[in-house]
Amino acid sequence: MAMAMAMRAAAANTAVTELRGLRALYSSFSGFPFNQSQQSRVEKPPPAEPSTNLFVSGLSKRTTSEGLREAFAKFGEVTVAKVVTDRVSGYSKGFGFVNYATIDDAAAGIKGMDGQFLDGWVIFAEYARPRPPLPTLNNMPR
């Protein structure tokens, strides 16, 4: 019985050594999942500047612009509420924008709706970032 236990322990040590050997072999490949320490980390962009325009993500496909307006109107005067929809199906793409009359109303809207349920889905609200400029194309006439 002692001999069998010794053989199992030796086999387990060999398996661990082989695993370390494979990790050592694959650690030289930058794309291998075991090589987490050398991969560059993707940093989050800084938070957007406070504004009256909010970006809302995590919307259900059933959410409409009117439903979005009603949900956010509890926290201030909503001037525009728009759910971005697919051109073909007409369903929500899962995000939209809410524009408030004042920055204070927008802050109250984020505080009140971020992480809350809307149409059965948890939504996230944050200040909208400005759209980046479109790249210039070389073949476009000036």
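Which helix holds Asp-105? Asp-105 sits in helix H3, residues 103–113, and we return to it in point 4.

1. Before you start. This is a predicted model, in which local features need pLDDT of at least 70 and side-chain atom pairs count only at pLDDT 80 or more, while totals for chains, interfaces and linings use all residues. Residues are numbered from 1 along each chain as its sequence is written, and side-chain values use heavy atoms, with hydrogens and water left out.

2. The overall layout. Helices (H or I, at least four residues) and strands (E, at least two) are DSSP runs, numbered from the N terminus. Of the 142 residues, 21% count as buried; buried means under 20% relative accessible area, exposed over 50%, and partly exposed in between (1.4 Å probe, protein chains only). The accessible surface comes to about 11000 Å², and 59% of it belongs to carbon and sulfur atoms; areas come from the Shrake-Rupley method with a 1.4 Å probe, and for residues only the protein chains shown count as cover. Among contacts (heavy atoms within 4.5 Å) between residues at least 6 apart in sequence, 59% join residues at least 24 apart.

3. A hairpin to look for. Strands E2 (residues 78–85) and E3 (residues 92–100) run antiparallel and are joined by six bridges; two strands pair if DSSP finds at least two bridges between them. Val-80 has Asn-99 of E3 as its bridge partner. Six residues lie between the strands of this hairpin, and Gly-90 there takes a positive phi near 85°.

4. Back to Asp-105. This residue is buried yet has no salt bridge, and the nearest side chain of opposite charge, Arg-69, is 11 Å away. For charge, Lys and Arg count as positive and Asp and Glu as negative, with His and the chain ends not counted. Not counting residues up to four places away in sequence, Asp-105 touches Phe-75, Gly-76, Glu-77 and Tyr-100.

5. The buried side of H2. In helix H2 (residues 65–72), Leu-68, Ala-71 and Phe-72 are buried. They lie on the same side of H2 because they cover an arc of only 90° around the axis, the arc being that of the directions from the helix axis to the C-beta atoms. Their cover includes E1 (53–57), E2, E3, H3, E4 (117–118) and E6 (124–127).

6. The salt bridge. A salt bridge is a side-chain nitrogen of Lys or Arg within 4 Å of a carboxyl oxygen of Asp or Glu, and by this rule the count comes to one. Arg-129 and Glu-126 form it, at 3.6 Å from N to O. Arg-129 counts as partly exposed because its relative accessibility is 40%, and Glu-126 is partly exposed at 34%.

7. Two loop residues. Asp-119, in the loop between E4 and E5 (121–122), has a positive phi near 55° although it is not a glycine. Most residues other than glycine have a negative phi. At 35% relative accessibility, Asp-119 counts as partly exposed. Gly-58 lies in the loop between E1 and H2 and is partly exposed, with a relative accessible area of 25%. Gly-58 and Phe-124 are 66 residues apart in sequence, but 6.2 Å apart in space, C-alpha to C-alpha. Leaving aside neighbours within four places in sequence, Gly-58 is in contact with Gly-94, Trp-121, Val-122 and Ile-123.
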